[in-house]
Amino acid sequence: MADIQNYTLNFGPQHPAAHGVLRLVLELDGEMVVRADPHIGLLHRATEKLAEQKTWLQSVPYLDRLDYTSMLINEHPYVMAIERLLGIEVPLRAQYIRVMFDEITRIHNHLLSIGTQALDVGAMTMVLYTFREREDIVDMMEATTGARMHGAYYRPGGVYRDLPGQMPRYEVNKFKNAKTVKALNEARSGSLLDFIEDFTNRFPGYCDDYETLLTDNRIWKQRLVDIGIVSAERALQLGFSGPMLRGSGVEWDVRKKQPYEVYEHLDFDIPVGVNGDCYDRYLVRMEEMRQANRIIKQCVAWLRENPGPVIVDNHKVAPPSREKMKGSMEELIHHFKLFTEGIHVPAGEVYAGIEHAKGEFGVYLISDGANKPYRMKLRSAAFTHLSAMDEMAKGHMIADAVTIIGTMDIVFGDVDR
Amino acid sequence: MSAKLEKLCQNLHSALGERVGSITIALGEVTLVVAAADYLEVAKTLRDHPDLRFEQLIDLCGVDYAAYGKVTATLAVEPAEVPTEVRRFAAVSHLLSISHNWRLRLRVFAADNDFPVVASLTSIWNSANWFEREAFDLFGIMFEGHADLRRILTDYGFIGHPFRKDFPISGYVEMRYDAEQKRVIYQPVTIEPREVTPRIIREENYGASGRG
């Protein structure tokens, strides 16, 4: 009989199921994975080194581009870390706006995550539905920040501007007739908050639709149940966080256990898995979307009632208003100094970690008192999750490796930084 | 200072005893600095001691302190001229205890600036694996006892450690397609690093009201 040897398969870097530029070297025994060695860094942009050359404010847009499927939430730990170093208190309205957009981003991320995971394992339709809802979410971001994806909206001391009073509307053109436009504009007749509220009312129904497509789907369950099981103990050892940790049955959520911003005033539940397999993690993400929807509702209700400032009045940190800047010499100097020299952050070090859609996303900042960070370290959840690829994929079929990549919810901007 | 952090400090003192290098509490966070020789033992105690129980290593990163407090962003002197009493490289890890719900920052300095070595934590927390590979790749810190210390983020065949303060932001080589050779080639960089906003450290209370 011929001598049968293991062979090595090169998966990626340009493979549609690799969720970006992942080169995965798989050592196979027949169809079974013996060893998985992810080669990362193909999207390494040295964000941390670049931040050392930029003033504190100039780095904010880089943060959006890390995990480009959950944009605004990335900025959150960075501005939070700066605020802690500066010791400034953020206006309550800004905190609510940030929390609301964190949760909107969480839904955005999970929609993409579940949609593309379904696409990877063969359920083509799912992604069409999730991208339909994603469209509404990027519209919210566009109305608020001016950019559909990379908002650069959170600033040290608050957010860039208040929520818009009017939602932009569609106009009739050669592709959209008056009837279509009227239907599209129905939810957009009021303010942004009206549009978000309308979305939160519709969204649980959409979640039900997704569940009818996937939760009891025989093929979906065959592909996910008992795949990539991680015990609670291993999940802790491997540094898992977020849905990956909760899927293994560990009840840990930074929003509940070490609450930041206004999370302690909000009512929401933490879904926890039982078996620690891909299916449980899918269920956790599904429930997280419903819980995020609940949080958004509460934030909308609060924001309607409580107008107020959205950024601190300290002009060493936040710019003065345009109007004041034009009229007052002192404000002009503040504005000039802020956008040429930048903020001076007292020497010290701080780690700010938040519950990102993918897990714990943390920013570790070391300042030596200059107008630029001395060192910024970004702790991304996807990096740690991907490092467990070998352990999770070992002994599974090659097709399951795709499921496992999907369940990790990795994005290469985030892994490579 | 909250009571919880105070308790953590007490527990650290009682559990580690002599091995505590220094403990500082700042901005609601506890930082523990230990000597490189005690590093592995301390990490083991931190994980297993019932009063500490740091089950998770959240993050580990390298830091190059060579230019700390200096005006230039990159190192102005040659690496060999960094005074020997300045310890350049440190590995900083962030630990999390799920059962006690507290965090700790653990810092260890490598003794030698030219060949920085610290112990590897992979046997204590498996999540240290890639973090240490990253710190090795970007800072050149050697982790003793790491089973698979390869480069992780930089290109295959990359030379140097890009996050060191003496490594220019533009790097040394650039890559382009050469039409004559019909392949991608490496060549020395053609761009020069430029600083748009200078790095400035102001004295305390600079610009405070009531001062000139």
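**Salt bridges, a buried arginine and a nonpolar patch**

Q: Is B:Arg150 buried, exposed or partly exposed?
A: B:Arg150 is partly exposed, because its relative accessible area is 28%. Keep in mind that this is a predicted model.

Q: Which residue does B:Arg150 form a salt bridge with?
A: The partner is B:Asp148, and the closest N and O atoms are 2.9 Å apart.

Q: And what is the relative accessibility of B:Asp148?
A: The value for B:Asp148 is 29%, so this residue counts as partly exposed too.

Q: Which residues do salt bridges with shared partners join into one network?
A: The network holds A:Glu135, A:Asp136, A:Asp139, A:Glu142, A:Arg148, A:Arg188, A:Asp198 and A:Arg202.

Q: How many salt bridges are there over all chains?
A: The count comes to 50.

Q: What does A:Arg93 pair with?
A: A:Arg93 forms a salt bridge with A:Asp162, with 3.1 Å between the closest N and O atoms. This pair links distant parts of the chain, 69 residues apart. A:Arg93 sits in helix 4 (residues 92-121) of chain A, while A:Asp162 is in the loop between strand 5 (158-159) and helix 6 (178-185).

Q: Is A:Arg93 buried or exposed?
A: A:Arg93 is buried, because its relative accessible area is 9%. A:Asp162 has 32% relative accessibility and therefore counts as partly exposed.

Q: Where does A:Asp208 find its salt bridge?
A: At A:Arg290, with an N to O distance of 2.9 Å between the side chains. A:Asp208 counts as partly exposed because its relative accessibility is 41%.

Q: Changing topic. Which side chain of opposite charge is nearest to A:Arg379, and how far away?
A: B:Asp59, at 5.4 Å. A:Arg379 is buried yet has no salt bridge, because a salt bridge needs a side-chain nitrogen of Lys or Arg within 4 Å of a carboxyl oxygen of Asp or Glu.

Q: What does the side chain of A:Arg379 reach, then?
A: The backbone oxygen of B:Ile58, at 2.6 Å.

Q: Where is A:Arg379 in chain A, and what is it in contact with?
A: A:Arg379 lies in strand 8 of chain A, residues 375-379. Neighbours within four places in sequence aside, its contacts in chain A are A:Gly239, A:Ser241, A:Tyr351, A:Glu360, A:Phe361, A:Gly362 and A:Thr384. In chain B they are B:Ile58, B:Asp59 and B:Phe131.

Q: Where does A:Ser70 lie, and is it buried or exposed?
A: A:Ser70 is in the loop between helix 2 (60-64) and helix 3 (72-86) of chain A. Its relative accessibility is 0%, so A:Ser70 counts as buried.

Q: What does the side chain of A:Ser70 make a polar contact with?
A: The side chain of A:Asp67, at 2.6 Å. Not counting residues up to four places away in sequence, A:Ser70 touches A:Thr105, A:Asn109, A:His356 and A:Lys358.

Q: And where is the place of A:Ala147?
A: A:Ala147 is in the loop between helix 5 (124-145) and strand 4 (154-155) of chain A. With 22% relative accessibility, A:Ala147 counts as partly exposed. Setting aside neighbours within four places in sequence, A:Ala147 is in contact with A:Met141 and A:Glu142.

Q: Over to chain B. How many helices and strands?
A: 3 helices and 9 strands. From the N terminus on they run α-β-β-α-β-β-β-β-α-β-β-β. Chain B has 212 residues, and 47% of them are buried.

Q: What share of contacts in chain B join residues at least 24 apart?
A: 55%, among contacts between residues at least 6 apart in sequence.

Q: Which residues make the nonpolar surface patch?
A: B:Tyr172, B:Val173, B:Met175, B:Tyr177, B:Val184 and B:Tyr186 make a patch of about 660 Å². Strand 8 (173-178) and strand 9 (183-188) of chain B each give two or more residues to the patch. The largest share, 3 residues, comes from strand 8.

Q: What about B:Val173?
A: B:Val173 is in strand 8 of chain B, and its 47% relative accessibility is why B:Val173 counts as partly exposed.

Technical notes. Residues are numbered from 1 along each chain as its sequence is written. Chains are lettered from A and ligands numbered from 1 in the order in which they are written. This is a predicted model: local features need pLDDT of at least 70, side-chain atom pairs count only at pLDDT 80 or more; totals for chains, interfaces and linings use all residues. Side-chain values use heavy atoms; hydrogens and water are left out. Helices (H or I, at least four residues) and strands (E, at least two) are DSSP runs, numbered from the N terminus. Buried means under 20% relative accessible area, exposed over 50%, partly exposed in between (1.4 Å probe, protein chains only). Lys and Arg count as positive and Asp and Glu as negative; His and the chain ends are not counted. A polar contact is a pair of N or O atoms within 3.5 Å; within protein, one must be able to donate a hydrogen and the other to accept it, and residues adjacent in sequence count only if both atoms are side-chain atoms. Contact means heavy atoms within 4.5 Å. Patches are made of residues with over 30% relative accessible area and no salt bridge: like charges are joined within 9 Å, nonpolar side chains (Val, Leu, Ile, Met, Phe, Trp, Tyr) within 5 Å. Accessible areas come from the Shrake-Rupley method with a 1.4 Å probe; for residues, only the protein chains shown count as cover.
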